[in-house]
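Please open the structure in your viewer and keep the selection tool at hand.

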Amino acid sequence: MTQQSSFRALVVDDTDDGQVAQFRELTDTDLPDHDVLVEVEYSSLNYKDGLVIAGPQKMARRTPLVAGADLAGTVLESSNPDWKPGDRVVVNGWGLSETQSGGYTRRQRVKPEWLVRIPDAFSTRDAMAIGTAGYTSALCLDALERYGIASDAELLVTGAAGGVGSIAVALAAAAGHTVVAATGRPETHDFLSELGASSFVDRAELQGKGRPLGKERWDAAVDAVGGSTLVNVLSQIRYGGAVAACGLTESPSMPDATVMPHILRGVALLGVDSVMAPAPLRRSAWDRLARDLPASTLDSLSRVEPLSDVPRLAEEILAGKVRGRVVVDVT
Ligand code: NDP
């Protein structure tokens with residue numbers, strides 16, 4: 001048996017003061033009744049983790065719940081024939097930290113169908129340097145490629161210095177795109193150039209009320225920001241282009257959006273969801289990451305922080321202050 005007496009986890013619970021995240025000692029009997037027991041080595045910090053831990057609204061739809069949208073580690077026990085002890089695995093999404101217990105813990109039980117094998121090219125730490133944010137970037141690039149955007153197209157990435165954005169810049173450059181990075185942090189230009197950005201747009205230039213159709217500037221875009229930025233980006237995509245939209249850091253609404261880019265320029269808005277993405281899309285995204293993202297690049301865009309610092313880091317990511325990716329060491 002692989003019993004462990006107790007381990008620390010960051011647990012979200014409903015209290016008289018609303019939903020709060022607190023460290024607790026758990027045992028295996030506190031874990032859900034799923035078929036695969038994973039020894040978690042690393043989790044990660046995503047914008048959604050910030051919302052769950054430090055956001056103004058209730059995000060967890062079932063409590064108590066271990067927070068953390070991602071986990072990477074090694075299978076300890078499995079009653080499912082697809083997985084055996086020693087398998088290196090990653091889980092992204094599937095409601096972790098919203099409806100299912102997540103990755104801010106040393107041990108977790110998960111459903112077998114949630115697991116993806118970590119590609120040989122990556123360590124468990126690398127897998128969490130990618131995490132939901134990076135895997136979503138790969139889903140966006142895959143969506144644009146499936147739509148027919150050419151690999152040498154000029155591609156804009158919004159929220160470029162964040163988690164989704166920085167990995168999208170690296171993946172898009174590796175695929176052959178000329179990458180334009182939109183960021184509100186000029187101090188990240190060197191960092192983004194090293195990842196493959198050729199030029200920059202100040203994010204303020206893309207915000208506020210714009211024209212229904214602007215000057216055609218880019219063939220395609222990966223948008224992690226939403227709001228007026230997404231509206232303005234759509235209005236400046238060249239004829240026949242597409243935008244893969246996955247985020248809402250500016251806003252979930254699209255103020256003053258019109259159909260003009262879509263009906264006069266045939267521009268497509270491709271929605272990208274990582275949480276419930278089916279297994280073939282996940283495998284394809286991880287194949288792209290293994291092919292196009294060397295571990296050295298992951299090292300340059302990520303840092304490792306202890307689980308005890310997650311509450312502070314949650315505030316930072318909501319304030320737009322986190323550069324690249326944060327890996328969370330749960331050991
Ligand atoms: P990060 O905080 O790491 O990155 C977000 C970036 O957005 C920031 O770094 C900043 O980039 C930019 N930004 C922040 N606030 C604003 C603002 N008010 N206006 C314009 N730009 C802003 O978050 P993640 O990369 O983890 O996530 C990005 C988004 O993608 C989130 O909304 C998240 O919920 C969403 N997401 C969606 C998924 C899906 O399945 N659809 C999966 C994963 C993430 P800069 O400093 O360069 O300007």
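Begin by selecting Arg-323 and Phe-191: the charged end of Arg-323 sits over the ring of Phe-191, 3.8 Å from its centre. A charge sits over a ring if NZ of Lys or CZ of Arg is within 6 Å of the ring centre and within 35 degrees of the ring normal. Next select Arg-8, whose charged end sits over the ring of Phe-23, 4.9 Å from its centre.

A note on the model is in order. This is a predicted model, in which local features need pLDDT of at least 70 and side-chain atom pairs count only at pLDDT 80 or more, while totals for chains, interfaces and linings use all residues. Residues are numbered from 1 along each chain as its sequence is written, and side-chain values use heavy atoms, with hydrogens and water left out.

Now select Phe-122 and Trp-286, which form an edge-to-face aromatic pair, 6.4 Å centre to centre with 75 degrees between the planes. Rings of Phe, Tyr and Trp (its six-membered ring) pair if their centres lie within 6.5 Å; planes under 30 degrees apart count as stacked, over 60 as edge-to-face and the rest as tilted. Phe-122 lies in the loop between β8 (116–117) and α2 (124–147), and Trp-286 in helix α7 (residues 279–292), so the pair ties together parts that are 164 residues apart in sequence. Helices (H or I, at least four residues) and strands (E, at least two) are DSSP runs, numbered from the N terminus. Phe-122 is buried, at 2% relative accessible area, and Trp-286 is buried, at 1%. Buried means under 20% relative accessible area, exposed over 50%, and partly exposed in between (1.4 Å probe, protein chains only).

The next stop is a salt bridge (a side-chain nitrogen of Lys or Arg within 4 Å of a carboxyl oxygen of Asp or Glu). Select Asp-14 and Lys-58, whose closest N and O atoms are 3.3 Å apart in such a bridge. Asp-14 lies in strand β1 and Lys-58 in the loop between α1 (47–54) and β4, so the pair ties together parts that are 44 residues apart in sequence. Asp-14 is partly exposed, at 34% relative accessible area, whereas Lys-58 is exposed, at 58%.

Which residue forms a salt bridge with Asp-28? Select Arg-107: the closest N and O atoms of this salt bridge are 2.8 Å apart. Arg-107 is buried, with a relative accessible area of 2%, and Asp-28 is buried, at 13%.
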